[in-house]
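Have the structure open as you read.

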Amino acid sequence: MKIAYISNPSFFDMDLSLTRELFKQADLHYFLDLPTYSRSSTALKFKTTLKKAGIYPAIIFDELKEFDEYIDLNRTSIIYRTSEKSYSASNLLLQYKLAKAIRKITPDIIHSNNFLNFNFSYFLATDNTPRVLTVHDPLPHSGETSKKDNAIRKFNYKLFNNIILLNKSQTNVFLTSSGKKTENVYFSRLGSYTYLKKYTPEKEFITNSQQLLIFGRVSPYKGIEELCKAFKLVISEFPNAKLIIAGSGEYNFDITPYDIHSNYIFINRYITNKELIQLIQESEFIVCPYKDATQSGVIMTSFALNKPVIATNVGGLKEMIINNYTGILIEPNNITTLADSIKWMFQNPATVKKMRNNIKDLNSKGNLSWSIIAKDLITVYSKLK
């Protein structure tokens, strides 16, 4: 089966683990769209600058060579853009070039791993190959929607008949909001972000048994303010405990009352892969006190390093965490419950250790395995028309 897979840097961490298996199990060609405003992500930081827009072989980009064990550079193309405007001359020409490049491959399936913007209008309107779209967020996160985003969402629902969701919990709300039919909705899931192991040092960093971590892009829906309030209750019983909050973005609350205490460490900037590995390894567990969610790359990143997660029971998170087996699920927006769950993890190190071993087993042979996920995805492809 020939597959044309289209993605962008925001999902490169997921792509690395998934495409590694798809390259093995199918005839995959990977297209990485590189707009001017999105050339860095958790896994990838592009520095190469080209004067001319075009579709280039991945092999010319030094940034990608370190990932050659995960992506086949000879079957990977970069859609390099030099203009932000969808209908600029360079982007209009790229639409034609992309359609031509995909026709040359003659794929059986086109899979987009995210909403495609209007830069793909010509390609989507003229290509009749069966295609499928992965919708990571069936509904926008609270505080993260705009008229433009809604227009792009509607544009994709019109041009993609088949949809893949990464959790089943939000199926009904998706069907209602999108107008899609049940028979056109398929399911996949995230596995552990195993590419991170390439950055793991031979000698692991020593874990601080009273340190917890929340990481990733700062956003109101992630419940960071509630976590800071809950941690005040934790400190009253564990005065040496530390909470690390790592990631770039603007806080929607005043962090000053917390930042003045040594128990709170705010690292408000881009975190490299090597830094992230160290932060995760040094922490006893990870916390995701989200107010709303779909699924979470943060959880899959944590699981790649066998770290348990405390998360709220929202969206599809309950499908990612096995309660009391790979972490703890709690109700959202409850500061006391959040504090109690953190204290319980500190008080039960043997259980935390057992959770780590459970995650390790699931990574190798359970539902966190990308090999199994890729095999199931190919089964989905075979059903598409």
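## The parallel sheet

Strand 9 (residues 208-215) pairs with strand 12 (residues 283-288) in the parallel sense, over 3 bridges. The model is a predicted one. Within this pairing, Leu-213 has Ile-286 of strand 12 as its bridge partner.

These two strands belong to an open sheet of 6 strands, ordered 11-10-9-12-13-14, with parallel pairing. Strand 11 and strand 14 (327-330) are at the edges; each has a single partner strand, so one side of each lacks a neighbour in the sheet. On average, neighbouring strands here are turned by 20° against each other, direction ignored.

## Helices on the parallel sheet

Helix 7 lies across strand 9, strand 10 (242-246), strand 11 and strand 12. Helix 7 runs at about 165° to strand 10. Helix 11 also packs on the sheet, where it touches strand 9, strand 12, strand 13 (309-312) and strand 14. The direction of helix 11 makes about 165° with that of strand 14.

In one of them, the ring centres of Phe-231 and Tyr-264 are 5.5 Å apart and the planes stand at 80°. Planes over 60 degrees apart count as edge-to-face, so this pair is edge-to-face.

Phe-231 sits in helix 7 (residues 224-235), and Tyr-264 sits in strand 11 (residues 264-267). The pair therefore ties together parts that are 33 residues apart in sequence. Are these two residues, Phe-231 and Tyr-264, buried or exposed? Both Phe-231 and Tyr-264 are buried.

## Helix 11 against helix 12

Helix 11 (residues 335-347) also packs with helix 12 (residues 349-365). The angle is about 90°, and the axes are 5 Å apart. Angles of 65 to 115 degrees count as roughly perpendicular, so helix 11 is roughly perpendicular to helix 12.

Which residues make the contact? Helix 11 contributes Trp-344, Met-345, Phe-346 and Gln-347. Helix 12 contributes Pro-349, Thr-351, Val-352 and Met-355. By class, the contact has 6 nonpolar residues, 2 polar residues and no charged ones.

A second open sheet is made of 8 strands in the order 3-4-2-1-5-6-7-8. Its pairing is mixed. Strand 3 (54-57) and strand 8 (185-187) stand at the edges with a single partner strand each, so one side of each has no neighbour in the sheet. Neighbouring strands are turned by 25° against each other on average, direction ignored.

Inside this sheet, strand 2 (residues 27-34) and strand 4 (residues 76-80) pair in the parallel sense over 5 bridges. Asp-33 stands opposite Ile-79 in strand 4. Helix 1 (residues 12-25) lies across strand 1 (2-7), strand 2 and strand 4. Helix 1 runs at about 160° to strand 2.

## A buried asparagine in a loop

Where does Asn-119 lie? Asn-119 is in the loop between strand 5 (109-112) and helix 4 (121-126). Its relative accessible area is 5%. Buried means under 20%, so Asn-119 is buried.

Leaving aside residues up to four places away in sequence, Asn-119 touches Arg-81, Lys-85, Ser-86, Asn-91 and Gln-95.

Terms used. Residues are numbered from 1 along each chain as its sequence is written. This is a predicted model: local features need pLDDT of at least 70, side-chain atom pairs count only at pLDDT 80 or more; totals for chains, interfaces and linings use all residues. Side-chain values use heavy atoms; hydrogens and water are left out. Axes are lines fitted to C-alpha atoms, for helices over the stretch in contact, and angles run from 0 to 180 degrees between N-to-C directions. Helices (H or I, at least four residues) and strands (E, at least two) are DSSP runs, numbered from the N terminus. Angles under 35 degrees count as roughly parallel, over 145 as roughly antiparallel, 65 to 115 as roughly perpendicular and the rest as oblique. Contact means heavy atoms within 4.5 Å. Ala, Val, Leu, Ile, Met, Phe, Trp, Tyr, Cys and Pro count as nonpolar, Asp, Glu, Lys and Arg as charged, and the others, Gly among them, as polar. Two strands pair if DSSP finds at least two bridges between them. Buried means under 20% relative accessible area, exposed over 50%, partly exposed in between (1.4 Å probe, protein chains only). Rings of Phe, Tyr and Trp (its six-membered ring) pair if their centres lie within 6.5 Å; planes under 30 degrees apart count as stacked, over 60 as edge-to-face and the rest as tilted.
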